[in-house]
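Please look over the sequence and the model before reading on.

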Amino acid sequence: MANPAPGGARSFLQAVSKVTEEAPTPLRVVQMEGLALLKIIKHCEEFAPALVTGQLLGLDVGSVLEVTNCFPFPIREEDDEADADGANYQLEMMRCLREVNVDNNTIGWYQSCLLGSFQTVELIETFMNYQESIRRCVCIVYDPSRSSQGVLALKALKLTDSFMDLYRNNGLTGEKLREKKLSWVDIFEEIPIKVSNSALVSAFMKELEPESPVTQCDFDRLKLSTAPFMERNLEFLIGCMDDLSSEQNKFQYYYRNLSRQQSQQQAWLQKRRQENMARKAAGEEPLPEEDPSNPIFKPIPEPSRLEGYLVTNQISSYCNHINGVAGQNFNRLYLMKALHED
């Protein structure tokens, strides 16, 4: 058999290197192993309502991010010594997993939340820290309080590329946001989650499935009392509305100061022009029309719009929760009404 030509081999390597230099494939789905998902739920449920977090391990394969394992972070105090202990704990866990031939590639982290209140500045800063060493990472957010209402409150989130570019360049000002056409809905991107199990695990779960088609969990879904859940959602919603009002007051104060400064600049400029006209009539050199040392020409920094965007996003989440729970309540009431009529 003839050997391949050297020119063909070189062209193939050039094509491969060209493909690898192209933009990475966008992330389409997060595929989670059933065991990893159960570990996350167990950890979050055991410590609820306290907030916990942990490490996600797996593989980055094309457009799929596979979550094959995870481990929890210990609950600790916020100080420098505790941060160092947490970092050492993570490294030791990764070393132990590598020794037993388990996937130990970090692909993100998971955390619990209370009634969907996860959209914070700390979450964005954590994303940016992960992005420095990991090309693609996600955050799995699990809400035990919402899951108790009969839905699996699980989300896979990542930051959008356009928002990360602005955040790195400190460009979260009104002008930059309008230029990039970035709104509050463009901060986070939710990635679909797909739960997969091996054939052996699926067969084992089939064997464990109870013979009775109706369980206590099915009856719990017919409970008509959701007042505590709705009440807490409304309380959090009111708190977010107060935070949004405070953010609006900041910008009103900024624009008032900006308008006052522009008026002072116009008055100073008009006075300087009159002085220059008098100096010109007297044959003297005119003075410059700008004085950088004057405090009125010092630019006023515009406050960041990040907090306002996050609060608006959180308000939208609470409204969606309330709308979904209210719709389920109406369905239950109509069902009970039909049963009573029969």
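The model is a predicted one. The protein has 11 helices and 8 strands. Of its 342 residues, 33% are buried. Among contacts between residues at least 6 apart in sequence, 75% join residues at least 24 apart.

**Strand 1 and its partners**

- Strand 1 covers residues 29-33 and pairs with strand 3, residues 64-72, in the parallel sense.
- That pairing runs over 4 bridges, and in it Val29 has Val64 of strand 3 as its bridge partner.
- Strand 1 also pairs with strand 8, residues 193-196, again in the parallel sense and over 4 bridges.
- On the strand 8 side, Ser196 is the residue that stands opposite Glu33.

**Strand 6 and its partners**

- Strand 6 is largely enclosed by the rest of the structure, because 5 of its 6 residues are buried.
- Strand 5, residues 138-142, pairs with strand 6 in the antiparallel sense over 4 bridges.
- Within that pairing, Val141 has Lys155 of strand 6 as its bridge partner.
- Strand 6 is also joined by 4 bridges to strand 7, residues 188-191, and these two strands run antiparallel.
- Glu190 in strand 7 stands opposite Leu157.

**The second largest pocket**

- The volume of the second largest pocket is about 340 Å³.
- Its lining is made up of 14 residues.
- Those nearest the centre of the pocket are Pro26, Leu27, Arg136, Lys158 and Asp161.
- Two elements give two or more residues to this lining: strand 6 (154-159) and helix 6 (161-168).
- Sorted by class, the lining residues of the second largest pocket are 6 charged, 5 nonpolar and 3 polar.

**Cysteines**

- How many disulfides does a search of the whole structure find? The search finds 0.
- Cys70 is in no disulfide, and the nearest cysteine sulfur, that of Cys44, lies 9.1 Å away.
- A disulfide would need the two sulfur atoms within 2.5 Å.
- Cys70 has a relative accessible area of 6%, so it counts as buried.
- Cys240 is likewise in no disulfide; for Cys240 the nearest cysteine sulfur belongs to Cys319, 9.4 Å away.
- Cys240 is also buried, because its relative accessible area is 10%, and the cut-off for buried is under 20%.

**Gly174**

- Gly174 belongs to helix 7, which spans residues 174-180.
- Is Gly174 buried or exposed? Its relative accessibility is 4%, so Gly174 counts as buried.
- Leaving aside neighbours within four places in sequence, Gly174 is in contact with Glu302 and Arg305.
- Gly174 and Ser304 are 130 residues apart along the chain, and their C-alpha atoms are separated by 8.3 Å.

**Points to keep in view**

- Cys70, Cys240 and Gly174 are each buried.

Note on methods: Residues are numbered from 1 along each chain as its sequence is written. This is a predicted model: local features need pLDDT of at least 70, side-chain atom pairs count only at pLDDT 80 or more; totals for chains, interfaces and linings use all residues. Side-chain values use heavy atoms; hydrogens and water are left out. On a 1 Å grid over the protein atoms alone, a cavity is a set of points where a 1.4 Å probe fits but cannot get out, and a pocket is an open set with protein on both sides within 12 Å along at least five of seven lines; lining residues have an atom within 4 Å of a point. Grid points are joined across faces, edges and corners, and a volume is the space filled by probe spheres set on the points. Ala, Val, Leu, Ile, Met, Phe, Trp, Tyr, Cys and Pro count as nonpolar, Asp, Glu, Lys and Arg as charged, and the others, Gly among them, as polar. Two strands pair if DSSP finds at least two bridges between them. Buried means under 20% relative accessible area, exposed over 50%, partly exposed in between (1.4 Å probe, protein chains only). Contact means heavy atoms within 4.5 Å.
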